[in-house]
Amino acid sequence: QLQLVESGGGLVQPGGSLRLSCAASGFTLDDYAVGWFRQAPVKEREGVSCISSSGDTTYDTDSVKGRFTTSRDSAKNTVFLQMNSLKPEDTAVYYCAAEALEVSTYQFCAGYHAGIAWGQGTQGTVSS
């Protein structure tokens, strides 16, 4: 059974940092592109940061460029999202997803591909 589990969410003040984890079981995450998506209340889900299966290519949406970084840890079968300089508008439920195809990171984040597995989400709240 393919499963993704996110962790690392929480409450942080503006300007602070959070590191989200996306751990896979039942499959090898290195064989898949992985994307981070978020959904805030009354807003549509948006792709935040996506990384290719090789890890060589990443795409970050404009609002998080220079602040968020996605990386892989093959030994832990995990993908991380490091979020720095957080703003209140970053508050959302964050989900990770895996896609089996050789997709472009832009297309995956833009929602062109449904993903073969999704996590249950982790809440990140930025507030003073």
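The model is predicted: local features need pLDDT of at least 70, side-chain atom pairs count only at pLDDT 80 or more, and totals for chains, interfaces and linings use all residues. Residues are numbered from 1 along each chain as its sequence is written, and side-chain values use heavy atoms, with hydrogens and water left out.

Disulfides to begin with. The structure has two, a disulfide being a pair of cysteine sulfur atoms within 2.5 Å. One joins Cys-22 to Cys-96, S to S 2.1 Å. Cys-22 sits in strand β3 and Cys-96 in strand β9, so this pair ties together parts 74 residues apart in sequence. Strands (E, at least two residues) and helices (H or I, at least four) are DSSP runs, numbered from the N terminus. The S-S torsion is about 75 degrees, so the Cys-22 and Cys-96 bond is right-handed. Cys-22 is buried at 0% relative accessibility. Buried means under 20% relative accessible area (1.4 Å probe, protein chains only).

The other disulfide links Cys-50 and Cys-109, S to S 2.2 Å. Cys-50 is in strand β5 and Cys-109 in helix α1, residues 105-110. Cys-109 is buried too, at 6%. In sequence order, the pairing is 1-3, 2-4.

Now the cores. A nonpolar core is a set of buried Ala, Val, Leu, Ile, Met, Phe, Trp, Tyr and Cys residues joined through side-chain atoms within 4.5 Å. The largest has 26 residues, and those with the most contacts inside it include Phe-68 and Tyr-94. Apart from it lies another core, of seven residues, among them Phe-37 and Cys-109.

Conventions
Buried < 20%, exposed > 50% of the residue type's maximum accessible area, 1.4 Å probe, protein only.
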